[in-house]
Every structure is written in C-alpha cells, then in structure tokens.
Amino acid sequence: MEFNIALVKGDGIGPEIVDNAVRVLEEVGRQFGHAFRCKSYLAGGCAIDACGQPLPQETVDGCLASDSVLLGAVGGPKWDGLAGDVRPEKALLKLRSVLGLYTNLRPARLYQALRAECPLRESTAEKGFDLMMVRELTGGIYFGERGHREGKYGPEAYDTEAYSELEIRRITKVAFETARKRRKKLTSIDKANVLDTSRLWRKIVHEMAADYPDVTVTDMLVDNAAMQLIRDPSQFDVVVTTNMFGDILSDEASQITGSIGLLPSASLGDTKRGMYEPIHGSAPDIAGTGKANPIATILSAAMMLRYSFDLQQEADKVEAAVDAVLNAGWRTADIVGSSGASPLTGDEMTDKIIEALRK
C-alpha cells in the first residue's frame with residue numbers, strides 16, 4: 001500500500017525527531033510492503049523566518065492533499081516577542097481548524113521499565129496506569145471571541161469560552177467509542193459548579209450515556225481531577241474534557257510517566273486524515289545536541305499507522321519495539337534517571353528501535 005505523508009518538522013528539535021520517526025516508518029514499509037511518500041512543508045518559526053507567516057498556504061494545501069500529517073514541534077524564544085496572531089503556535093491552531101481536527105487523543109502510560117522514574121510514591125507507581133485523554137480540540141476558549149477593552153479597573157484583555165451542543169456531542173461520541181474498545185470506563189471532566197459551558201457539557205454527556213449502557217460514566221470537577229491524577233492515576237481509563245482543561249491535564253498526566261519525551265498524540269476529525277505529533281515542545285536548548293528523545297514522535301507515527309492507515313499489526317510492532325528497547329535498559333538522557341545507563345543519542349535510540357523491529 002502507498003501513503004502520502006506531509007511532514008511539518010517545525011522548529012528546535014522538530015526536524016531531528018521527525019527524521020527519526022520517518023526512519024522507523026521506512027523500516028515498517030520494507031517489512032510489510034508499504035510505501036510512505038513523505039514531503040516536507042514549513043510551519044511555525046521557520047516559516048516566519050522564510051516567508052513572514054507561521055502557516056504558508058503551500059503548507060495548508062500540502063496537508064489537505066496528504067493522507068496524514070506528521071508534525072514535530074513549533075515555536076521558541078526567538079519568536080516570543082511577536083504579536084499573538086503571527087506567533088508560531090498560531091500555525092497549529094489554524095492547521096487543526098483547516099483540517100477539521102476536533103479530537104485530540106493523548107495516551108499516558110507508565111512503562112513497567114520506567115516505574116522507578118515515576119515521581120509519584122512507590123505504592124502508587126506500582127499500580128501502573130494506562131489512560132487515554134480525549135480532548136476537544138477546535139472549540140472553547142482557544143477559539144472564542146477575544147480582545148482588549150476598557151474594564152472596571154482600566155484596560156483589560158478577555159478570552160471567551162463557548163461550546164455548542166454539536167461540538168460537545170461529537171467529542172463525547174469519540175470518547176464513548178474509545179471507552180468501548182478499552183476498559184469501558186469514562187470520566188467526564190468539567191467545572192459544572194461554576195461554568196455554564198460545563199453545565200451544558202455535563203447535560204449532553206448524561207444524555208449520550210443512555211446510548212452506551214455498557215460504559216460506566218463518572219463526572220469529575222477539573223480541580224479534583226488534577227488532584228486525582230496525582231493521588232491515583234490508575235483509576236482512570238478514558239477521560240473526556242474541553243480544550244483548555246485537556247491541554248493542562250494531559251501535560252500533568254505526561255509528567256507522571258517519567259518523561260514528556262515518551263508521549264504521542266493524534267488529532268483527528270471526521271476523515272481518516274489526521275495530524276500526529278509528540279506532546280512536548282521544540283526544546284531549542286537541546287536542538288542539534290543529540291539529546292532529544294525520539295520515542296514520542298515514533299509512537300505518534302505508530303498512532304498514524306493505527307488510526308489513519310488502519311495498519312494495526314504494523315502499529316503493534318512499532319509499539320512492541322519501543323517496549324523491548326526500554327525493557328532492555330536503553331535510555332536517552334531524559335529517562336536515564338536512577339538506572340545509571342549511559343544515555344543514547346536520539347539517532348542511537350532510533351537505531352535500537354529499528355533493530356528491535358527486525359527481530
């Protein structure tokens with residue numbers, strides 16, 4: 001089979017981690033008889049430097065014409081002084097909107113081999129955890145009305161949270177369907193004791209629960225959820241929540257796995273085309289040093305195989321190769337921790353994963 005992939009490498013460590021993920025995809029292609037045709041496009045700070053805007057139309061067109069998009073990371077201190085509408089991060093928001101990607105799937109799993117690096121108490125880490133964050137991606141405060149005005153205490157800025165029934169229903173459907181494929185447990189996170197948007201959110205979740213009697217649904221306020229993720233993350237299976245709450249909580253969940261460099265994500269809509277990216281940032285301070293962990297991007301490529309290309313066996317094999325490498329004790333600098341292992345470069349870690357794929 002042949003697939004066209006738009007590569008948006010971005011800034012900082014983005015190019016090197018995307019290149020490593022492509023190497024893994026090429027190995028998968030050789031083993032299973034697939035051809036992954038990759039073409040690179042600019043977005044983020046590098047696009048600003050090259051053509052004065054964070055998301056050129058050529059990139060939009062290329063992503064729309066692709067079967068899926070693999071993204072590295074965008075942004076960095078170099079562009080922090082720019083106005084909000086031309087910052088590198090604007091490219092991500094626009095791409096999600098243009099591609100119709102309203103669902104963000106962020107798995108957070110504590111690998112057996114890395115339990116010693118989990119910052120939680122030993123008795124909590126021993127339970128392990130494997131959860132899936134389902135985050136609404138194109139609504140809420142990030143896309144609501146915003147601006148500046150004269151307020152009660154003088155000049156003020158405002159950002160508006162708004163959700164329609166359609167937006168809530170479509171992300172909740174994804175969450176229920178995901179829960180059905182896992183442990184049939186769904187936690188809906190909101191702030192219904194304060195926010196009208198959350199009260200509507202909770203109402204619709206309860207209405208839809210009637211169509212999924214096999215799934216156990218629990219409501220949880222976002223402040224309690226932040227505490228419960230630290231107290232006992234093993235209680236969660238699938239979590240569904242709004243754009244902003246999901247942004248914050250998924251980063252919290254990533255940290256208790258031992259390193260943000262391990263966690264992939266998938267952004268999906270109503271078609272098979274998605275955008276796949278590690279959840280970490282561009283880390284310009286380590287760009288070009290070889291310290292960047294490619295695992296999150298490699299696992300993002302595995303999610304692409306699974307969700308966009310329906311290549312379940314191939315995705316399983318990539319994920320198993322990552323498990324094998326970690327179980328064998330190989331580490332990049334961010335996950336050396338108490339192991340005492342000599343850190344591998346990102347290229348070397350990718351070599352080990354490819355070796356494991358060949359076994």
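Which residue in S5 does Arg106 stand opposite? The legends below begin with that close-up, and every view comes from a predicted model.

**View 1. Strand S4 pairs with strand S5 and with strand S11.** Arg106 stands opposite Met133 in S5. With S5 (residues 130-136), S4 runs antiparallel, and 7 bridges join the two. S4 also runs antiparallel to S11 (residues 264-268), joined by 3 bridges. Here you can look for Leu105, whose bridge partner in S11 is Ala266.

**View 2. The largest nonpolar core holds 79 residues.** Phe36, Leu305 and Ile353 have the most contacts inside this core. Helix H10 (residues 295-307) gives the most to the core, with 8 residues. Apart from it lies another core, of 16 residues, including Ala6, Val8, Cys63 and Ala91.

**View 3. Ile353 and the residues it touches.** Leaving aside residues up to four places away in sequence, Ile353 touches Val24, Ile295, Ile298, Ala321, Val322 and Val325.

**View 4. Phe3 and Phe309 form a stacked pair.** The structure holds 5 aromatic pairs. In this one, the ring centres of Phe3 and Phe309 are 4.1 Å apart and the planes meet at 20°, so the pair counts as stacked. Phe3 belongs to strand S1 (residues 2-10), while Phe309 is in the loop between H10 and helix H11 (312-327), so the pair ties together parts that are 306 residues apart in sequence. Phe3 is buried, at 7% relative accessibility, and Phe309 is buried too, at 5%. Together with Phe36, Phe3 and Phe309 form one aromatic cluster.

**View 5. Phe176 and Tyr212 make a stacked pair.** Their ring centres lie 4.5 Å apart with planes at 5°, so this pair is stacked. Phe176 sits in helix H6 (residues 165-180) and Tyr212 in the loop between helix H7 (196-209) and strand S9 (216-221), so the pair ties together parts that are 36 residues apart in sequence. Phe176 is buried, with 0% relative accessibility; Tyr212, at 7%, is buried as well.

**View 6. Arginine charges sit over tyrosine rings.** The charged end of Arg149 is over the ring of Tyr158, 4.1 Å from the ring centre. Arg170 places its charged end over the ring of Tyr102, 4.1 Å from that ring's centre.

Key: Residues numbered from 1 in each chain as written. Predicted model: local features only at pLDDT ≥ 70, side-chain atom pairs only at ≥ 80, totals over all residues. Heavy atoms only, no water. Pairing = 2+ DSSP bridges. Helix = DSSP H or I, 4+ residues; strand = E, 2+ residues; numbered from the N terminus. Core = buried A, V, L, I, M, F, W, Y, C linked by side-chain atoms within 4.5 Å. Buried < 20%, exposed > 50% of the residue type's maximum accessible area, 1.4 Å probe, protein only. Contact = heavy atoms within 4.5 Å. Phe/Tyr/Trp six-rings, centres within 6.5 Å; stacked < 30°, edge-to-face > 60°. Lys NZ or Arg CZ within 6 Å of the ring centre and 35° of its normal.
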